[in-house]
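I opened a notebook page for this chain. These entries keep to what I looked up.

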Amino acid sequence: DLTKYLEGLKALKSKGELVEAEGKPWVSSGSPPRPVERLQLLVDICSLTPDVFEKAAGDIKVESVTYTEEQRRLKWHCSAEEVPSRQLNIKDIIVEENSSV
């Protein structure tokens, strides 16, 4: 759940416990810049309604999707433990019905 994760990041940041390290090219990798702001942007994007897209689309037709209650309850993504690589995020992997990651 993105909002719970965002709350956790904000709590860590308020306590001074959020690790933000600048990487050095060809020496060491760092953390993504501004992790709280990046996640807030993702939450905002995921919360957009069709009217925002319709206004921006101009002459392009926008078709919105409404999920049923059954679809809303479906666990679309795998668990954190099932992500096969640290290069991927949970949201990047959509689990197919009757399949394993």
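**Entry 1: the fold**

Which pattern does the chain follow when read along the sequence? I went through it and wrote down α-α-α-α. The tally of secondary structure is four helices and zero strands. I note here that I am working with a predicted model.

Next I looked up how spread out the chain is. Its radius of gyration is 18 Å, while the globule rule gives 13 Å for 101 residues, so the chain is more spread out than a compact globule. I also took the box along the principal axes, and the C-alpha atoms fill roughly 45 × 40 × 30 Å.

**Entry 2: inside and outside**

How much of the chain counts as buried? I found 11% of the 101 residues. The accessible surface comes to about 9,100 Å². Carbon and sulfur atoms hold 53% of that surface.

**Entry 3: the core**

Which residues make up the largest nonpolar core? I listed six: Leu-6, Leu-9, Leu-18, Val-36, Leu-39 and Val-43. Both α1 and α2 give two or more residues to this core. The largest share is that of α2, with three residues.

Leaving out residues up to four places away in sequence, I found Leu-18, Pro-35, Val-36 and Leu-39.

**Entry 4: a patch on the surface**

I turned to the nonpolar side chains on the surface. Leu-41, Ile-45, Leu-48, Val-52 and Phe-53 form a patch there, and together they have about 440 Å² of accessible area. Helices α2 (35–46) and α3 (50–57) each supply at least two of the patch residues.

I looked at one member in detail. Val-52 sits in helix α3. Why does Val-52 count as partly exposed? Its relative accessible area is 37%, and partly exposed covers the range between the buried cut-off, under 20%, and the exposed one, over 50%.

- Trp-26 is in the loop between α1 and α2. Its phi is near 70°, which is positive although the residue is not glycine. Trp-26 counts as exposed because its relative accessibility is 90%, and the cut-off for exposed is over 50%.
- Val-27 lies in the loop between α1 (2–15) and α2. I found it exposed, with a relative accessible area of 67%.
- Arg-34 also has its place in the loop between α1 and α2. Its phi is near 50°, again a positive value in a residue other than glycine. Arg-34 is exposed as well, at a relative accessible area of 56%.

Where does Val-27 stand in relation to Ile-94? The two are 67 residues apart along the chain, and I found 34 Å between their C-alpha atoms.

**Entry 5: what I keep**

The chain has four helices and zero strands.

Methods. Residues are numbered from 1 along each chain as its sequence is written. This is a predicted model: local features need pLDDT of at least 70, side-chain atom pairs count only at pLDDT 80 or more; totals for chains, interfaces and linings use all residues. Side-chain values use heavy atoms; hydrogens and water are left out. Patches are made of residues with over 30% relative accessible area and no salt bridge: like charges are joined within 9 Å, nonpolar side chains (Val, Leu, Ile, Met, Phe, Trp, Tyr) within 5 Å. Accessible areas come from the Shrake-Rupley method with a 1.4 Å probe; for residues, only the protein chains shown count as cover. A salt bridge is a side-chain nitrogen of Lys or Arg within 4 Å of a carboxyl oxygen of Asp or Glu. Buried means under 20% relative accessible area, exposed over 50%, partly exposed in between (1.4 Å probe, protein chains only). The radius of gyration is taken over C-alpha atoms; the globule rule is 2.2 Å times the number of residues to the power 0.38. A nonpolar core is a set of buried Ala, Val, Leu, Ile, Met, Phe, Trp, Tyr and Cys residues joined through side-chain atoms within 4.5 Å. Contact means heavy atoms within 4.5 Å.
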